[in-house]
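Here's a quick briefing to read alongside the model. Have the viewer open and follow the topics in turn.

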Amino acid sequence: MKILVAVKQVAALDEDFEIRADGRGIDPDFLIRDLNEWDDFSLEEAVKIKEASATPVEVVAVSVGSEEVDESLRKCLAKGADRAVRVWDEAIEGSDSIAIARILAAVAKREAPQMLFAGVQSSDQSFASTGIAAAALLGWPHAAVVTQLTYSPEAKTAVLRRELEGGLLHEVEIQCPAVLTIQLGINTPRYASLRSIKQAAAKPIEVLSLTDVALGAADVGETGSLSRVRRMYVPDKGRAQLIAGDAAQQAVRLADIIREFKGTAA
Amino acid sequence: MSRTDAVTRILFEAFGAAEVRLFYVLGYTAIAVFCYGVYVQIRKYRRGAALTLEGGLWSRGGAMLVSVLNGRTVARRDRGAGAAHRLIFYGFMLLFAGTATITLEYDILEPLFGIRFWYGKFYLVFSLVLDVAGVALIIGLVFMMYRRGWMRLPKLDYARPDRVPGDPDFNRPQYRREDWAFLWLLLIIAVTGYVLEAARLVWLQDRAEVWDTRWWSPVGAVVAEGLRAVGLGQQGGAVLRHGLWWFHGLIALALIALIPRTKVKHIFTAAASLMVRDPLAAQRLPLIPKSQAEAGAAKITDFNWKQLLNLDACTKCGRCHEACPARAVGAPLSPRDVILSLREFAQATLESGAVPAAAELDIHGKAPGQVAMETLWSCRTCMACVEICPVAVEHVPIIVQMRRKLVEDGAMDPLLTKTLQTIHKTGNSFGESKRKRGSWSKALPFPVKDARKEPVDVLWFVGDYASFDPRNQKVSQVFASLLREAGVDFGILYDGESNAGNDVRRVGEEGLYEVLATANVGALASAKFKSVVTTDPHSFNTIRNEYPDFGGKYQIEHYTTLLRQLFAQDRLRVTHPLKYRVTFHDPCHLGRFNKGYDAPRDLLALLGCELIEMGRCKANSFCCGAGGGRIWVPDPVGSEKPAQNRIKEAAAIPGLEVYVVSCPKDLTMFEDALKTTGNEGKFVVKELIELIREAIPVQRAEAVPA
């Protein structure tokens, strides 16, 4: 019994970042990389299932990216993943979420897990589509924004709760294998001590090429994508303004502004 | 037989051969029971992890002897107990030596070599000395009984802050019974010794060599006169002597047999513990041995033999219990109870023939003998317990090693988890960008050198709080300008610097500490400098005491010693003496950890301040509560915080104007506590650096913007 957990190494902006010369991204020097927050929860959910199971469960973390992604994969290994798989090829550069999903689906076919977990979204790109697209490509049932999961390994179905708008919940029974995108707060992710991360270096990270997962260069990158980033930019300054003067003057000005917005300006 | 020869101790006179034989059988039995007990104890210690001690046996033995003989560690913060302990110690030692000397002659030297010395003048002088020793012992014991029974000292109350009434190990009445039994047993031995001596005198009053020399045993002689006065005759004296001889002898033998199993063993364990003392126990925490797969202490056998010995050295004197800031504010921690719990655990598991299975050796939890995680996380690693322990128990490394296990299991406050992740990601606990580490210096009218790019005399290791906390940034700016005005060629590492790791290590995240220490040692290696200075005592401690284990050996000082030197060299001069009435809070990591008590006080004197010490100062300084990573975890709402407790102490000083600190974390903690205790407006909290600035107002154009 196997659970595949798709994880992503996300980038956060450092202070005073600069846009790349081609204008389509951030200069990598100004990015701080870390495991996507949502993936912390989906990995934890998989590890919890493994720990609660009487029969052996293998948790495999999979990611798409260059060598630097190994750092995040090692974190997953430290937190309890048994194996890690990383797919990379220069041609993958420029892939959108659908192309990434194609790669993940290909890995899923190769690994044949009973469950594929992904985070609801990534904190840097926020497509919220990778997991679901992988389900479509695999032809598996899927559930998004899962906040509670009852699943015992080898079971044919899983029961889960999904978060909807307006405080509503869906309780869903789903056929396995399935793709679930996991929401924050479903559990409390454990702490991976630096020591355990270091020791996880002894666990294998399997690096796969496109041929290993039976894909071609045309399936990925910009050619394999349905969308393409044209430009990344910082919008013009907002309309925030500092109101000068003493408290009384500030109050008068503030009241004027409110009236202005309500359209009741005198 | 000459007459002087006859002046000697009456041993077995009037005893039948069978009786003497019986005594020897009992004596050897007692010794055998003692030896077996010692074997069991040593076997217990050897079941701990291996440890190789630094330093020679002789110097360790010498230091131990000095401590044991002068009894100073017992007298600290309790002069009465110290004096009484000295009386008991010397009384007991002399009496023991006396008895041992008799055995030496009677059972070894005379039968084997025919040598006798236990007669005549030597005997008389010895008997006088022993009589005096007995008086000392009795006075000491009676005072200790008074102290236990009537002084109601809180530190002798065994009620635990980490248990509730009703728990099986809440206040451990068996300890109290043992304490009293020990005192009574010794007292009975001493008193019966005198009565026995007197009875012998009455019995042998006809024998000139006994009776005429009786005043060499003055106490015995007085008691003998008393016995005669109440009508005890020679015959009665003989009977009384015979009965008491056995009574006294049997209790003494029982005491010997029981030594390894009772608190009496502290005679040996305390001495041994003092001998293996690590003077840097809390300052330099142990590395995890390369061979060790699991970090930290999960099982009792994960402690090394020295730590197991430490547990047995504890005499429950309560000095650590009294000094602990966590205990003082009602947190579920008493260092004494951590030690006693683990000791009970070791006794229950490691004294039997075979070591139980690993599952039964788990020291984490809430069962008797186990230590709860709430207890371990309450510790601020302020070292007050280690510093005051009279028998060199080293609590802090024990607690941190147990925390290492909790960190591996992720058993900690979510805020702490978050902070550790933040430090790993950004290299600082504020979650700020590395690039911003030197940003505070942008407000200065002069550039601060980047020590990685150009050589400097003094490298300033700034630390997290002084770099990122807005209030402390102001202090950093002042310090920078003072250095510049004094003509010190200094620089900083900018984004090359990471959190020094002192508190990360004390949290128990050893892996992260290794990363930070290695990164900083690397950054320092990339810079050219002569010495290091820091305004942060936490960074100071770890760089000074712990970085050498990571290959980083530097000449480092806290800013107080550097500034004192600059004043001494006339490179800084007080132009506007301050007349403030101040008190000074010794930061744990500067004071207790590194004995930096004098420099800040000298500076305050230079500034013209009137220093009024708080009751708890210098070695007994009371932790602000921020140590050991606790600055990242708020104290529970509704309970007093250590910093508030401390501010209240300062507030009791009449006319106090400034509460002076010399640590960035102290500034944060105490400014907060000043407000929350309602003392705002009565006095202010200031960094010593700020007072110095006040005494040397800026006149030049390069004034620091306020």
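**Briefing: hairpins, a parallel sheet and the chain contact**

Let's start in a turn: in the hairpin made by strand 7 and strand 8 of chain A, six residues sit between the strands, and Glu154(A) among them takes a positive phi near 80°. Keep in mind that this is a predicted model.

- Strand 7 (residues 142–150) and strand 8 (residues 157–163) of chain A are antiparallel, paired over four bridges.

**Chain A: the overall picture**

- Chain A has six helices and eleven strands.
- Its C-alpha trace spans about 70 × 45 × 40 Å along the principal axes.
- Of the 266 residues in chain A, 39% are buried.
- Take the contacts in chain A with a separation of 6 or more: 69% of them are between residues 24 or more positions apart.

**Chain B: a parallel sheet and its helices**

- Four strands of chain B form an open sheet in the order 7-6-8-9, with parallel pairing. Strand 7 (610–611) and strand 9 (684–687) of chain B are the edges, each pairing on one side only.
- Helix 26 (residues 598–607) of chain B packs on this sheet and touches strand 6, strand 7 and strand 8 of chain B. Its direction makes about 170° with that of strand 6 of chain B.
- Inside the sheet, strand 6 (residues 581–584) and strand 8 (residues 658–661) of chain B run parallel and are joined by three bridges. Thr583(B) has Tyr659(B) in strand 8 of chain B as its bridge partner.
- Helix 28 (residues 664–676) of chain B lies across strand 8 and strand 9 of chain B, at about 170° to strand 9 of chain B.

**Where the chains touch**

- On the chain B side, 16 residues are in contact with twelve residues of chain A.
- The elements giving two or more residues to this side of chain B are helix 18 (395–409), helix 19 (414–426) and helix 23 (510–525) of chain B.
- By type, the chain B residues that touch chain A are five nonpolar, five polar and six charged.

Definitions and conventions: Residues are numbered from 1 along each chain as its sequence is written. Chains are lettered from A and ligands numbered from 1 in the order in which they are written. This is a predicted model: local features need pLDDT of at least 70, side-chain atom pairs count only at pLDDT 80 or more; totals for chains, interfaces and linings use all residues. Two residues are in contact if their C-beta atoms, placed from the backbone, lie within 7 Å. Ala, Val, Leu, Ile, Met, Phe, Trp, Tyr, Cys and Pro count as nonpolar, Asp, Glu, Lys and Arg as charged, and the others, Gly among them, as polar. Two strands pair if DSSP finds at least two bridges between them. A residue is buried if 20 or more other C-beta atoms lie within 10 Å of its own, exposed if 12 or fewer, and partly exposed in between; C-beta atoms are placed from the backbone. Axes are lines fitted to C-alpha atoms, for helices over the stretch in contact, and angles run from 0 to 180 degrees between N-to-C directions.
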